[in-house]
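Please read the report below with the sequence and the model side by side.

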Amino acid sequence: MNDAPDGFEEELGHRLRHYVAVADLGVGAAPVLEHVTSQPVERSGRRVRPWAAAIVVAAVAVGGSLAMYVSMFSDPGSGLGIAHATVSGVRYDVAAARSLQVASSDMTRYGEITSSDYDWAFAEPVAYSLRGVDPMAALIVPAKPDVEEGALEYFILFGPAEAFPSVCQYFQAGAPGEPDECK
Amino acid sequence: MAGVPTREKEDGFVAAVERYDGDMVALCFVITGNRDLARDATQTTWLKLWREPPKLRDPGKLRSWLLAVAANEARQLIRKGRRVVPLERDQASSAPTEPSTVVALGQALQGLRPDERSLLGLKYVIGLNSTEIGEQLNITPGAVRLRLHRVLGKLREVLRDE
């Protein structure tokens, strides 16, 4: 065995580079710098203002397109990194939850969202626990009424504990937004 | 420390991003197979560099440090992947718009372990040789070639029937 590639390796290398190229992964240095310089310094108390939110805002400003705004916003994990929210000192990942069906009796106020990339999309900076679901696994946050013209009612926050299958009881079976883990 | 960006060296940081970000996110994409996770792993790496620059004796090793940290971040994201992949994402919906060879390769890669995908990324996308990969993984060049041989064997098997 040596480093000289055979035909299969050469073809594999070509295909891998193509695989990466078509993924269109670049964002440029400016958003990266914007992100690192806008992160809170532990002792400064600066407000979280991550790069993802900055880019969305920039996209709206430059494009002036509500469609672009909604498209990017509707998928907090898309393109620019995973959105996060901190509740009671615990970091959660934010996801849109369109097929979530929750009654008010299932929700209990859990805690204030102290920082998030998407706080401007939350109806209020408060997360709720769901009956039967470990709050360290998942919480929900009502979306602002005008988000996606009301089509998106909740964001779900995934925490460090395992959310599935306990959270599945709140997703409509067979609906487009039903997580794969619940199918 | 020369070559490592600090808050006072914003220009140096930007230069490092412009120089290495592409390699980092490409490697992370090979490892995760997911644009968002790849971008997130890369961004976390930049944040680490910004906040706590490594004390490198050789500034020329910055690229290696960045790639190693980014790959590690990518593997960590995979471990918690079910939580970080957005619920609305329909992985299959984008497949028909991509060439079948790209889809097939992506599927074949998913059959490998993350560390095996990392090895392929370092070798065939970043273009490191066995010695450089060995330094990354803290193994000998011979061990790198052996691992690559095994991974290639797996891929040959999977891609043979295309």
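The report starts with how the model was treated and then turns to its parts.

## Basis

This is a predicted model, in which local features need pLDDT of at least 70 and side-chain atom pairs count only at pLDDT 80 or more, while totals for chains, interfaces and linings use all residues. Residues are numbered from 1 along each chain as its sequence is written, chains are lettered from A and ligands numbered from 1 in the order in which they are written, and side-chain values use heavy atoms, leaving out hydrogens and water.

## Chain A as a whole

Chain A has four helices and six strands. Helices (H or I, at least four residues) and strands (E, at least two) are DSSP runs, numbered from the N terminus. Read from that end, the order in chain A is α-α-α-α-β-β-β-β-β-β.

Of its 183 residues, 49% count as buried. Buried means under 20% relative accessible area, exposed over 50%, and partly exposed in between (1.4 Å probe, protein chains only). Among contacts in chain A with a separation of 6 or more, 50% join residues 24 or more positions apart; a contact means heavy atoms within 4.5 Å.

## Two helices from two chains

Helix H1 (residues 7–21) of chain A and helix H5 (residues 100–110) of chain B have axes that come within 10 Å and cross at roughly 100°. Axes are lines fitted to C-alpha atoms, for helices over the stretch in contact, and angles run from 0 to 180 degrees between N-to-C directions. H1(A) and H5(B) are therefore roughly perpendicular to each other (under 35 degrees is roughly parallel, over 145 roughly antiparallel, 65 to 115 roughly perpendicular, the rest oblique).

On the H1(A) side, the residues in contact are Leu12(A), Arg15(A), Leu16(A), His18(A) and Tyr19(A). They meet residues of H5(B) including Val102(B), Leu105(B) and Leu109(B).

## Aromatic rings

Over all chains there are five aromatic pairs. Rings of Phe, Tyr and Trp (its six-membered ring) pair if their centres lie within 6.5 Å; planes under 30 degrees apart count as stacked, over 60 as edge-to-face and the rest as tilted. Phe122(A) and Phe155(A) have ring centres 5.4 Å apart and planes at 70°, so this pair is edge-to-face. Phe122(A) lies in the loop between strands S3 (107–116) and S4 (126–130) of chain A and Phe155(A) in strand S6 (residues 154–158) of chain A, so the pair ties together parts 33 residues apart in sequence. Phe122(A) is buried at 2% relative accessibility, and Phe155(A) is buried at 0%.

Phe158(A) and Phe164(A) form a tilted pair, 5.7 Å centre to centre with 35° between the planes. In chain B, ring pairs link Phe13(B), Trp46(B) and Trp50(B) into a cluster.
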